[in-house]
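Me: Could you take a close look at one part of this protein with me? I'd like a friendly walk through a single sheet.

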Amino acid sequence: TYEYVGTVPADATDLPEAELYKAGETVDVADAATAYGYTFSGWSTDDVDLQDDSFTMPKKDVVLYGSFKKNVTGIEASKDKYELEIDESDKIIVTVTPDDADEKGVIYESSDESVVTVDEKGNIKAVGEGDAVIAVTSKDDPSKTAKIKVTVKKPHISVDNVTVGKTDISLVIGDEETIIPTVTPDNATNK
């Protein structure tokens, strides 16, 4: 006989009728059940060793249990772009729908790890100047993906001081003198 266990969708495929078999016969298990918005997890039993949807009938009754899992229908990121400076970090926040999906896990992947890296928890770190895309993909359904653009710029470094070699210049009409400033630090963003 067949039974459903756990959450059973209202439109789940009807269960097959119980059938009689003789001990030693090979039994082919019914096809996978269907239901909109769910994936059939499969048949299980404690009564026999189920291999490739078939088993050898023992000298006792066998009950097969079918179960479903709720499918992911979408992934949405709280932001669709990030602007960071090199060495800055942030975290990508995503929402997986529906709330009661059975497998809400996601995979994060950077299109260019020389620009931005991402870990399994969605933490991003800017490592080099440029643009990259972080793809967040459902473990349940790889067709459900959110994409986030990340732009990384060099950090802005402020000017500390400007000095000139000469602080007093006297000129006669027609003379020229070049003033050469020194800006510190050397790596200031706008010298």
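Predicted model: local features only at pLDDT ≥ 70, side-chain atom pairs only at ≥ 80, totals over all residues.

In which sense do S11 and strand S12 pair, and over how many bridges?

Reply: Happy to! S11 and strand S12 (residues 123–126) pair in the antiparallel sense, over 3 bridges. Two strands count as paired if DSSP finds at least two bridges between them, and strands are DSSP runs (E, at least two residues) numbered from the N terminus.

Residues are numbered from 1 along each chain as its sequence is written, and side-chain values use heavy atoms, with hydrogens and water left out.

Now the sheet around this pair. S11 and S12 belong to an open sheet of 3 strands in the order S8-S12-S11, with antiparallel pairing. Strands S8 (89–91) and S11 (116–118) are at the edges with a single partner strand each, so one side of each has no neighbour in the sheet. On average, neighbouring strands here are turned by 20° against each other, direction ignored; the axes are lines fitted to C-alpha atoms, and angles run from 0 to 180 degrees between N-to-C directions. In general, strands of a sheet pair through backbone hydrogen bonds, either parallel or antiparallel.

To place the sheet in the whole: the protein has 0 helices and 16 strands, and its C-alpha trace spans about 120 × 30 × 20 Å along the principal axes.

Technical notes: Helix = DSSP H or I, 4+ residues; strand = E, 2+ residues; numbered from the N terminus.
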